Each structure stands twice: as structure tokens, then as C-alpha cells.
Amino acid sequence: MAKKAGKLVHGEDNVKNAIRSGAAALVIIALDTGANTSKSITDSCAYYNIKYVSAGTKEELGHCVGKSFTAAVAICDEGFAKSIEKAFAGNINGGEVL
């Protein structure tokens, strides 16, 4: 739904740009994303105070957004983000509370 509404970006560079610009409300990172990529995205989220969650594989995450695979997606709408956060309540920011 977020993609159809134009409120979702995917791919490492696009997600990091959304984080830096303040457009991202929630970032979802695939569990099988490389350590350096994952750390880079989570560090950016921590610096800019953006919530994130790790879930699924790159293939599963990609399938959800209509691609073959993607390492991360950013939800750029507070309403969509809050709905997704409810599903991952205890796993936001690696289980840390902001």
C-alpha cells in the first residue's frame, strides 16, 4: 500500500537519502543484508533518530515491493510506519527503546 501511495523507497542509497532528508519514518532492513550495509543504515537511523526493524530476507523484502530483491526499504509516511511498528513492537531498533 505504501508503494502505491508513493510513500516507500528501496535500495541502500535511496533509503539513506530518505533518512538524511528526514522523509523516512521507519526503515526495514533485510536480515541477510551484509554487515557493513546493515551497520551503515542502522548508524544513519540512530544519528537521525529514525526507527528501524530487521525482518525477512532480501528476496522476501524485494518481493513485497515488486523487485527481485532489496536490502532495505524506508516507509515515508507516519501512518503506514505506525501500522508496521505495531507488528514489530518488541523489535524496533534492535529491541532498544528510543
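Glu 12 forms a salt bridge with Lys 16, and their closest N and O atoms lie 3.9 Å apart. A salt bridge here is a side-chain nitrogen of Lys or Arg within 4 Å of a carboxyl oxygen of Asp or Glu. The model is predicted: local features need pLDDT of at least 70, side-chain atom pairs count only at pLDDT 80 or more, and totals for chains, interfaces and linings use all residues. Residues are numbered from 1 along each chain as its sequence is written, and side-chain values use heavy atoms, with hydrogens and water left out.

**Salt bridges**

By this rule the count comes to two salt bridges. The other pair to look at is Lys 39 and Asp 43. Side chains of opposite charge can pair when their charged atoms come close.

| Pair | N to O distance |
|---|---|
| Glu 12 and Lys 16 | 3.9 Å |
| Lys 39 and Asp 43 | 2.7 Å |

Glu 12 and Lys 16 are four residues apart in helix 1 (residues 12-21), about one turn of the helix. Lys 39 and Asp 43 are four residues apart in helix 2, so about one helical turn separates them. Helices (H or I, at least four residues) and strands (E, at least two) are DSSP runs, numbered from the N terminus.

Are these residues buried or exposed? Buried means under 20% relative accessible area, exposed over 50%, and partly exposed in between (1.4 Å probe, protein chains only). Lys 16 counts as buried, at 14%. Glu 12 is partly exposed, at 29%. Asp 43 is partly exposed too, at 39%.

Four strands form an open sheet in the order 1-4-2-3, with mixed pairing. Two strands pair if DSSP finds at least two bridges between them. Strand 1 (8-10) and strand 3 (51-54) are the edges, and each pairs on one side only. From one strand to the next, the twist averages 20 degrees.

Strand 2 (residues 26-29) and strand 4 (residues 72-75) run antiparallel, joined by four bridges. Ile 28 has Val 73 as its bridge partner in strand 4. Strand 1 and strand 4 also pair in the antiparallel sense, over three bridges. There, His 10 stands opposite Val 73.

In strand 4, Ala 72 and Ala 74 point one way, Val 73 and Ile 75 point the other way, and all are buried.

**Helices on the sheet**

Helix 4 (residues 78-87) lies across strand 2, strand 3 and strand 4, at about 50 degrees to strand 2. Axes are lines fitted to C-alpha atoms, for helices over the stretch in contact, and angles run from 0 to 180 degrees between N-to-C directions. Contact means heavy atoms within 4.5 Å.

**Two cores**

A nonpolar core is a set of buried Ala, Val, Leu, Ile, Met, Phe, Trp, Tyr and Cys residues joined through side-chain atoms within 4.5 Å. The largest has 13 residues, and those touching the most other members include Val 15, Ile 41 and Ala 74. Helix 1, strand 2, helix 2 and strand 4 each give two or more residues to this core. Helix 1 gives the most, with three. A second, separate core has twelve residues, among them Leu 26 and Val 65.

Asn 49 is not a glycine, yet its phi is positive, about 60 degrees. Asn 49 sits in the loop between helix 2 and strand 3. Its relative accessible area is 53%, so Asn 49 is exposed.
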